[in-house]
Amino acid sequence: MRNLQLGISLFLSSTLFPYVLAGLPNYKIYGVNLGSWLVLEAWMLPQKWLNMGGESCANCADCISTEFAYAKAYPHTVDEKFAQHWDTWFTEAHVNQLREYGINTVRVPLGYWIVEALVDRPTEAYPRGGLAYLRRALTWIQDAKMGVILDHHALPGVQTPSQQFTGNCTTDVQFYTPYNYHRALVWTAVMTSLSHLDPNFGSVFAIEAINEPIMDATQTPDYGEFQVNFVQTVRAVELTLGIPVPGMSLNVATSTTNFTAALSDACSSPLFNAQVAAALKDAVPILLEIAHECGIDAEFTSSSFRSDRSSLVTTFMDINWQYNNPSNPANAAIGPQGYDNHLYYSFGGVAAADPNSYLTSVCNLQRIQNDAALGNSPLWFGEWGLPTQFNATDAFLNQWADAQKWAYSKGAGWIFWNFKTEISSLTNGTTLARQWSYLEGVKMGFLTRDPSAYNDPNVCAPYINGTNSTTS
């Protein structure tokens, strides 16, 4: 197992609200996902999606069910419609409510199209303008003293088939190719640079390489090489900024105070392979364009660019997300690195579909220990919720929330999916929100106002060492 650097945190009156300066947080993560905001998933807001002009269908590839399909169908109005969505789905009022409820971390799902220059128009189509709304929201989150994980949720070429969360529902998965690996690395260089130089990104402490790749490792060729290149791209930017990186030295002379010029110089370092060097090179003109559009030219072209921040936490789905001899992301680690596991019992394959089996399974969960044995530590549970395969009573959801929090808190912490969902006639009132919305879960009492507390701190006592359910 590699040594992991602890990050620097400034604490306010409560350890629930650290101000992150990057590096691994030395507090328990209690977080929510900002899902269906900058990567829209129509199932979470069905009425609003129909109101926007979207469609609903059994097979998401057969209708206007994703951002890609919407942008293709409405090329002249897509940007305006999505600007209205971005402006209203997640607001400063939500940040204040989450802070009141003790949330200290948000995971922000992003599509590759947040960096608009990476979109191959007109073959690819996505709404423009999301970066401005991300930058605005990051200032609210920073003011609330919450940490941020930037999650590359929807990858160029699509990383998983037939999923709305990829932005394009298709069975034609093209992410695992040299061209799209390259685009993902350029995205990584851009977001790393913004995280260190754009003041609005000051609360970002981690960047996640890819959300939920195909689970069968035989279908993700060269993914292990991408993991290595992802980490090296992040560290190359940081070395250029003068941030110490364990075991690495840039060995390229530069006298410029221009960051983008220095990043161009870094491309010639023998430290980096051709893929990393190419990503750095292609990121430079994109960064110049973004800096100009955002009014932060000085940070990238004329100011002294040496950063006093610590290294970002490179983050991957854990090794056990995949099967069939997957690559181990721990082998790519240089500096602080975290690992993400997603666990939804409602999709089956974890425990028998009854309350006792669910509680027995989660109360004896071994994922943290199993991952740690393979160097995948610290581990947090970056997606989970309260949905079940059976009709759950309110009394069970109280137990189900407590038991999952108890199990996941044995690791680095947890991040609930999602901060909210729509409440409408199409969601049968609060039926959807009851199990998928953190804000509604707190209101209903399933989730405690203090995320570190429990309705019943002994919820797992009757189930520990039970044998009627899988604990993997």
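Author: Helices here are DSSP runs of H or I, at least four residues, numbered from the N terminus. The model is predicted. Just after helix H5, Lys145 takes a positive phi of about 65°.

Reader: How do you know that the span of H5 agrees with its 14 residues?

Author: Glad you asked! The expected span is 1.5 Å times one less than the number of residues. For the 14 residues of H5, 130-143, that should give 20 Å, and the end C-alpha atoms are 20 Å apart, so the two agree.

Reader: Is Tyr70 buried or exposed, and why?

Author: Buried means under 20% relative accessible area. Tyr70 has 1% relative accessibility, so Tyr70 counts as buried.

Reader: What makes the pair of Tyr70 and Tyr74 tilted?

Author: Ring centres must lie within 6.5 Å, and planes under 30 degrees apart count as stacked, over 60 as edge-to-face, the rest as tilted. Here the centres are 4.7 Å apart and the planes make 50°, which is tilted.

Reader: What makes Phe396 and Trp400 a stacked pair?

Author: Planes under 30 degrees apart count as stacked, and theirs are 20° apart, with 5.9 Å centre to centre. Both residues lie in helix H13, four residues apart, about one turn of the helix.

Reader: How do you know that the charged end of Lys410 sits over the ring of Trp406?

Author: NZ of Lys has to be within 6 Å of the ring centre and within 35 degrees of the ring normal. The charged end of Lys410 is 4.1 Å from the centre of the Trp406 ring, and sits over that ring.

Note on methods
Residues are numbered from 1 along each chain as its sequence is written. This is a predicted model: local features need pLDDT of at least 70, side-chain atom pairs count only at pLDDT 80 or more; totals for chains, interfaces and linings use all residues. Side-chain values use heavy atoms; hydrogens and water are left out. Helices (H or I, at least four residues) and strands (E, at least two) are DSSP runs, numbered from the N terminus. Rings of Phe, Tyr and Trp (its six-membered ring) pair if their centres lie within 6.5 Å; planes under 30 degrees apart count as stacked, over 60 as edge-to-face and the rest as tilted. Buried means under 20% relative accessible area, exposed over 50%, partly exposed in between (1.4 Å probe, protein chains only).
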